[in-house]
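I opened this notebook to record what I looked up, entry by entry. The structure is placed below for reference.

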Amino acid sequence: MYLDQLLKKLADKNVITCILPPGEQEKKLKTAHKIIDRLLENGFGRDATLISLGGGVVCDITGFVASVFMRGVSFIQIPTTLLAQVDASVGGKTGVNHKLGKNLIGTFYQPSAVICDTAFLSSLPPEEMSGGLAEIIKYGLIYDRDFFVWLQPNVSNILKQDMSSLGHAVQRSCQIKAEIVAQDETEQSIRAILNFGHTFGHAIENQTGYGQWGHGQAVAAGMVLAARLSAKMSLISEEDLEMIKSILSKAGLPVEPPKINVNDFIDNMKADKKVKKRKIQLVLLNKIGEAFLTSEYSEEDLIKVLGAS
Ligand SMILES: NC(=O)c1ccc[n+]([C@@H]2O[C@H](COP(=O)([O-])OP(=O)(O)OC[C@H]3O[C@@H](n4cnc5c(N)ncnc54)[C@H](O)[C@@H]3O)[C@@H](O)[C@H]2O)c1
């Protein structure tokens, strides 16, 4: 959609393009292989620069290819969805999916630049705006209570693409993610809090078949489950839980997961990358604005939380 404009800017460079059909199902090794074939067939080598122009799928796969092609070439992210602007393009996680789970194949590899222009978002359907908002709300929940409080009355302005609110939300989200990643690039400790809602969310995406539930929508339902477990453990109050559900609903996001058999849900969560000593590690909330990674929860509570939904 925005490719011609970009190609005009790069008219004096040797550029080839690779257009992927939309959808999560394209985020696979086979597609990465096809891109590498195109690069090799066209004589590109170590001095190539890859540019992603698209949503998170394109960001992740471009970063992955950049990290393995010729043992690593430079790449630039130009994210065009809200989710990709506030999350997928920042932080250097790249990857493709495996049939057993999301992002099971990937690398940590930083882009040379990330170019976020909120003007791209004008053509985005409302459900994609909502999906991005799930990650924006996540930043408030895990790291910055003031940002969460600011978001409460501003969610509808962001959905309507009021440029001032949207600009602030994108900027603050990128800042928070960059601050967290700078402390722990390869996710040995604090970076794990960015996965709040994601272990549940990835299981939802996998169980329903990739693409049926948007990533942000699955993460939103996942955040409610994580918050519910936090409330069950008396870490946050029932009022906090209601506040979280309310802001997600205002953002047009689901607050309940789809019907999934509890055992299948748990098996699927175990296939995610966050299992230590056979126990799923989860990100829970200590309070709004502070999250932590733990395996100190009772399986019984987890089953109750999954079963209640
Ligand atoms: N690497 C990371 O740290 C990280 C973080 C979060 C999410 N992700 C990944 O990001 C992916 C989800 O990203 P997404 O939500 O952007 O989905 P997506 O890339 O599938 O894009 C969603 C849809 O929007 C379309 N689109 C893109 N830009 C558009 C525009 N400006 N106007 C109209 N339509 C447009 C796409 O063609 C696609 O159909 C998942 O694979 C997820 O795992 C990665």
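**Entry 1**

I found Glu256 to be partly exposed, with a relative accessible area of 34%; buried means under 20% relative accessible area, exposed over 50%, and partly exposed in between (1.4 Å probe, protein chains only). The model is predicted: local features need pLDDT of at least 70, side-chain atom pairs count only at pLDDT 80 or more, and totals for chains, interfaces and linings use all residues. Residues are numbered from 1 along each chain as its sequence is written, and side-chain values use heavy atoms, with hydrogens and water left out.

I then looked up the partner of Glu256. Glu256 forms a salt bridge with Arg228, with the closest N and O atoms 2.8 Å apart; a salt bridge is a side-chain nitrogen of Lys or Arg within 4 Å of a carboxyl oxygen of Asp or Glu. The pair links distant parts of the chain, 28 residues apart: Glu256 is in the loop between α10 (238-250) and α11 (262-270), and Arg228 is in helix α9. Helices (H or I, at least four residues) and strands (E, at least two) are DSSP runs, numbered from the N terminus. Arg228 counts as buried, at 15% relative accessibility.

**Entry 2: other salt bridges**

I noted 13 salt bridges in the structure. In one of them, Lys102 pairs with Glu205, the closest N and O atoms being 3.3 Å apart. Lys102 sits in strand β4 (residues 101-108) and Glu205 in helix α8, 103 residues apart. Lys102 is buried at 4% relative accessible area, and Glu205 is buried at 1%. I also saw that Lys102 and Glu205 belong to a network of salt bridges with Glu24, Lys27 and Asp60.

**Entry 3: the nonpolar cores**

Which residues touch the most other members of the largest nonpolar core? I recorded Leu82, Leu141, Phe200, Leu248, Phe265 and Leu282, in a core of 66 residues. A nonpolar core is a set of buried Ala, Val, Leu, Ile, Met, Phe, Trp, Tyr and Cys residues joined through side-chain atoms within 4.5 Å. Helix α9 (residues 215-232) gives the largest share of this core, 11 residues. Domain 1 (3-121) and domain 2 (125-307) both contribute residues, so this core lies between them; the domain bounds come from an automatic or database domain assignment.
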